[in-house]
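Please keep the model open while reading.

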Amino acid sequence: MLALAALAAPLASAQDAQNAAAQPATGAAGLDIPADVIVFGRNDPTLRKPTAIVNGDIITRTDIEQRLALIVAANGAANVPPEELERLRAQVLRNLIDEMLQIQEAAGNEIKVAQSEIQQSYERVASNFKRNPRQMTEYLASIGSSEASIKRQIEGELAWSRLLRRRVEPFVNVGQEEVQSIMARLEAAKGAQEVRVGEIFLSATPETAQDVALNARRIIEQIRQGGSFAAYARQFSEASTAAVGGDLGWLRPEQLPDALADAAREMQIGTLAGPIQIPGGFSILYMTDKRQVLTADPRDAVLSLRQLAIRFPAGLSESQAAARTAEFAAATRAIQGCGAAQEVAQKLQAEVVDNDQIKVRDLPLQLQDLMINLQIGQATPPFGSRTDGVRVLVLCGRDEAESAQAPSFDRIMAQLEEQRVNLRARRYLRDLRRDAIIDYR
C-alpha cells in the first residue's frame, strides 16, 4: 500500500493538494481523512483479486464468488442475509484452500487429471441438471458462476481420490475374520434397525471448537429453512463422503461412533441432529431412511399408481378454488378401482398419469404411510396447492417387498475399507494444512 501511494503522489497537482488540505477532516475513528477524497486509479470489479496464496498458488476473490454462487443456487436461496453470505464466503475460502492443498499434493506425487476426464465429469454434471454442456455453461454464467469453477472442483475430487488410492488404500487392511464376524452379527441381529444417514463433518481443535460448533448450527438452520443437505455436505463436509452429498449408506447405529449412534437411534426420517461432538470435530446427521435388518420392509413395495390432477386457472378466487377442491375430493373419495378413476377423471376434466414402478420409499414422507395402508382401488386424500394444482393417487396394484438379503462378503469388506480410508484421509489433509504456507490477502 505504501508503494502504491508513492507512485500516485506525483500525479496530484499542488493546487489539488492545497484544496484537499483546506477540507475539514471526517473524524471517523479519529482519522484525518479529507471530505473531498481524490482516488487515484480505478477499482475494476472484473479484475481477479487474490485473497489467499497457498504454497505459492493464488486463490482469487473471483474463485470464491463463483463457488459461492453455486452454493446459493443449489439451495435455491435468492435472498441470503448478508451475514450468512459472509459466513458462507469464509467457509468457501477454507474449502478452496483444502482443494488447493489436495491438488498440490497430488501433483507432487505425479498424479495428473486429464482434461478429457474433467470434461466427461462436467458433462455428467450437466446431464444431472437436464442440460447439455453449452446450456450448463450459460446457466452457470447467469447465476454468477462459471464452467471453470465446477471443473476445478471436479479436478480436486478426482486428484484427491487417486492420491488416496495410491498413498492410503494400499495400507488399509481388513481381515476376513472381521468380515465374517460382521456377517454373523447381522444374522444374529435379524429384525434389528438399520438406518441410512447423511453426515456433514467439520473438523475442530480445542481452540476452534466453539467457532466450529457455531458454524455447524448455522448450517443446520439453513438446511431447516429449505437448504439442500447434500449441497451443504458436498461443499462443507471434510469427510470423503462429501463427494456423494454426505451419504453414509445403510448401516446399523452400532457401526457409528457412540455419540452419533445414540442420535441415530432417536431420529425420525427427514430430521436433522447436531452439532454432535466426536473425536476430531463435529458432525451433523440427516436421517434419510430406516429399515429392519434382513426383514421385508413395506416401504420397498412397488406400486402401480394412477394420478388424477386438476389445475386452477389464473384469477380463480380462494372460495372458487376451495369449492373446486371439495368437489374433487368428494368425487375421488368414491372411487372404486382404477377403471372407475378414469371415468371420474373425464367428468372432472382431470389430467391422468400412470406409473407402474413406484416404490413406497420414493414417495414424499407425508404419503408413505398413507400408501402402505391403502387398499387396491382406493385413492389418497387430495394434496397439493393452488399454484401446483391438486391431485390424488389411486392404488391400482402392489408388489409386496421381498425379505432383504444380507450384504455380501465383498460389500461388507468394501464398507470397512472405506471407513478406514476416510479416517486416514482426514488425518492426511490435517497434516497438509499444518505444513502449508498460506498468505491471506
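## Basis and helix packing

Axes are lines fitted to C-alpha atoms, for helices over the stretch in contact, and angles run from 0 to 180 degrees between N-to-C directions. Helices (H or I, at least four residues) and strands (E, at least two) are DSSP runs, numbered from the N terminus. The model is predicted, so that local features need pLDDT of at least 70 and side-chain atom pairs count only at pLDDT 80 or more, while totals for chains, interfaces and linings use all residues. Residues are numbered from 1 along each chain as its sequence is written, and side-chain values use heavy atoms, with hydrogens and water left out.

From α5, Glu117, Ile118, Gln119, Ser121, Tyr122 and Val125 meet Glu147, Ile150, Lys151, Ile154, Glu155, Leu158 and Arg162 of α7, where contact means heavy atoms within 4.5 Å. By class, these contact residues comprise 6 nonpolar, 2 polar and 5 charged, with Ala, Val, Leu, Ile, Met, Phe, Trp, Tyr, Cys and Pro counted as nonpolar, Asp, Glu, Lys and Arg as charged, and the others, Gly among them, as polar.

## The second largest pocket

A pocket is here an open set of points on a 1 Å grid over the protein atoms alone, where a 1.4 Å probe fits and protein lies on both sides within 12 Å along at least five of seven lines; lining residues have an atom within 4 Å of a point. The second largest pocket has a volume of about 360 Å³, the volume being the space filled by probe spheres set on the points. It is lined by 17 residues, of which Leu70, Ala74, Phe129, Ile150 and Arg234 are the closest to its centre.

At least two lining residues come from each of α3 (61-74), α5 (115-128), α6 (133-142), α7 (147-167) and α10 (229-236), and α3 gives the most, with 4 residues. The lining divides into 13 nonpolar, 3 polar and 1 charged residues.

## The sheet β4-β3-β6-β5

Strands pair if DSSP finds at least two bridges between them. Four strands make an open sheet in the order β4-β3-β6-β5, with antiparallel pairing; β4 (247-251) and β5 are the edge strands, each pairing on one side only. On average, neighbouring strands of this sheet are turned by 30° against each other, direction ignored. Helix α9 (residues 209-224) packs on the sheet, touching β3, β5 and β6, and its direction makes about 165° with that of β5.

Between β3 (residues 193-203) and β6 (residues 281-292) there are 11 bridges, and Ser203 stands opposite Gly281, while Val195 stands opposite Lys290. β5 (residues 272-278) pairs with β6 over 5 bridges, with Ala273 opposite Leu285. These two strands, β5 and β6, form a hairpin with 2 residues between them, and Gly280 in the turn has a positive phi of about 95°.

## The sheet β8-β7-β10-β9

A further open sheet of 4 strands, again antiparallel, has the order β8-β7-β10-β9. Because β8 (351-359) and β9 (383-385) at the edges each have a single partner strand, one side of each is left without a neighbour in the sheet. Here neighbouring strands are turned by 25° against each other on average, direction ignored.

Strand β7 (residues 302-310) is joined to β8 by 7 bridges, and Leu305 has Asn355 as its bridge partner in β8. Helix α14 (residues 365-373) packs on this sheet, touching β7, β9 and β10 (389-399), and its direction makes about 45° with that of β10.
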